[in-house]
Amino acid sequence: EYDPEDYPILLKPIIEGYADVVYGSRFKGISTSMFFWHYLGNKLLSLITNILYNTVLSDMETSYKTFRADIVRNIKINARRFDFEPEITAKILKRGYKVVEVPIRFYGRNYQEGKKITWRDGFSALYTLAKYKFIDD
């Protein structure tokens, strides 16, 4: 679960003109109840993103992403599952858009509460990051 009070903080860097895209980072804000293996997987995927795309994101897999409209209108998305995050991130970074991270509050869910992502999705994310690094989209 995310906190709706975080929405204005996601818009501020774009409105003030120093970001094209804003990611809400669960690792820079207040975060509770994240499974250890999900934490580790998120950190690993963010590290690989940083290596492949020469950036310093702390939370590539966040679902809090805000974009200028002209950016998303020009990006074709092929993802149908949890590979959305790595696909949109790869395409944004490859195009050279300025991404800023802001802290958000995150209160994790367990599988009984509706969490769906598994370790298999991590392999899909790795493949997606590599694919869009080395092919033209």
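Leaving aside neighbours within four places in sequence, Ile14 is in contact with Ala19, Asp20, Val21, Val22, Thr66, Phe67 and Arg68, where contact means heavy atoms within 4.5 Å. Ile14 belongs to helix α1, which covers residues 7-15; helices here are DSSP runs of H or I of at least four residues and strands are runs of E of at least two, numbered from the N terminus. With a relative accessibility of 18%, Ile14 counts as buried, since buried means under 20% relative accessible area, exposed means over 50%, and partly exposed lies in between, with a 1.4 Å probe and protein chains only.

The structure is a predicted model, in which local features need pLDDT of at least 70 and side-chain atom pairs count only at pLDDT 80 or more, while totals for chains, interfaces and linings use all residues. Residues are numbered from 1 along each chain as its sequence is written, and side-chain values use heavy atoms, with hydrogens and water left out.

Seen as a whole, the chain has 5 helices and 5 strands, and along the sequence these follow the pattern α-β-β-α-β-α-α-β-β-α. Of its 137 residues, 39% count as buried. Among the contacts in the chain with a separation of 6 or more, 76% are accounted for by residues 24 or more positions apart. Another pair separated along the chain involves Ala69, which lies in helix α3, residues 69-73: the C-alpha atoms of Ala69 and Asp20 are 49 residues apart along the chain and separated by 9.6 Å. Ala69 is partly exposed, with a relative accessible area of 42%.

The next part concerns how the helices pack. Two packed helices are described by the angle between their axes and the distance between the axes. Helix α4 (residues 84-94) and helix α5 (residues 119-134) pack at an angle of about 25°, with their axes 9 Å apart; the axes are lines fitted to C-alpha atoms, for helices over the stretch in contact, and the angles run from 0 to 180 degrees between N-to-C directions. The two helices α4 and α5 are therefore roughly parallel to each other, a label for angles under 35 degrees, whereas those over 145 count as roughly antiparallel, 65 to 115 as roughly perpendicular and the rest as oblique. Where they meet, α4 contributes Pro86, Glu87, Ala90, Lys91 and Lys94, and α5 contributes Ala125, Thr128, Leu129, Tyr132, Lys133 and Phe134. By class, this contact of α4 with α5 has 6 nonpolar, 1 polar and 4 charged residues; Ala, Val, Leu, Ile, Met, Phe, Trp, Tyr, Cys and Pro count as nonpolar, Asp, Glu, Lys and Arg as charged, and the others, Gly among them, as polar.

Helix α5 also packs against α2, and the axes of these two come within 11 Å and cross at roughly 10°, so α2 and α5 are likewise roughly parallel to each other. On the α2 side the contact is made by Leu45, Ile48, Thr49, Leu52 and Tyr53, and on the α5 side the residues include Gly122, Leu126, Ala130 and Phe134. The residues of this contact of α2 with α5 divide into 10 nonpolar, 2 polar and 1 charged.

Helix α4 is mostly covered, for 9 of its 11 residues are buried, among them Glu85, Ile88, Ile92 and Leu93. These buried residues pack against β1, α2, β3, β4 (99-103) and α5. Just after α4, Gly96 takes a positive phi of about 85°.

What lies in the interior can be described through nonpolar cores, each a set of buried Ala, Val, Leu, Ile, Met, Phe, Trp, Tyr and Cys residues joined through side-chain atoms within 4.5 Å. The largest has 15 residues, and those with the most contacts inside it are Tyr23, Tyr53 and Ile92. The elements giving two or more residues to this core are β1 (21-25), α2 (36-53), α4 and α5, and α4 gives the most, with 4 residues. Apart from this core lies another, of 8 residues, among them Leu10, Val22, Val100 and Ile104.Tyr53, not counting residues up to four places away in sequence, touches Ala90, Leu93, Lys94, Leu129, Tyr132 and Lys133. Asn54 lies in the loop between α2 and β3 (65-67), and its phi is near 50°, a positive value in a residue other than glycine. Asn54 is exposed, with a relative accessible area of 74%.
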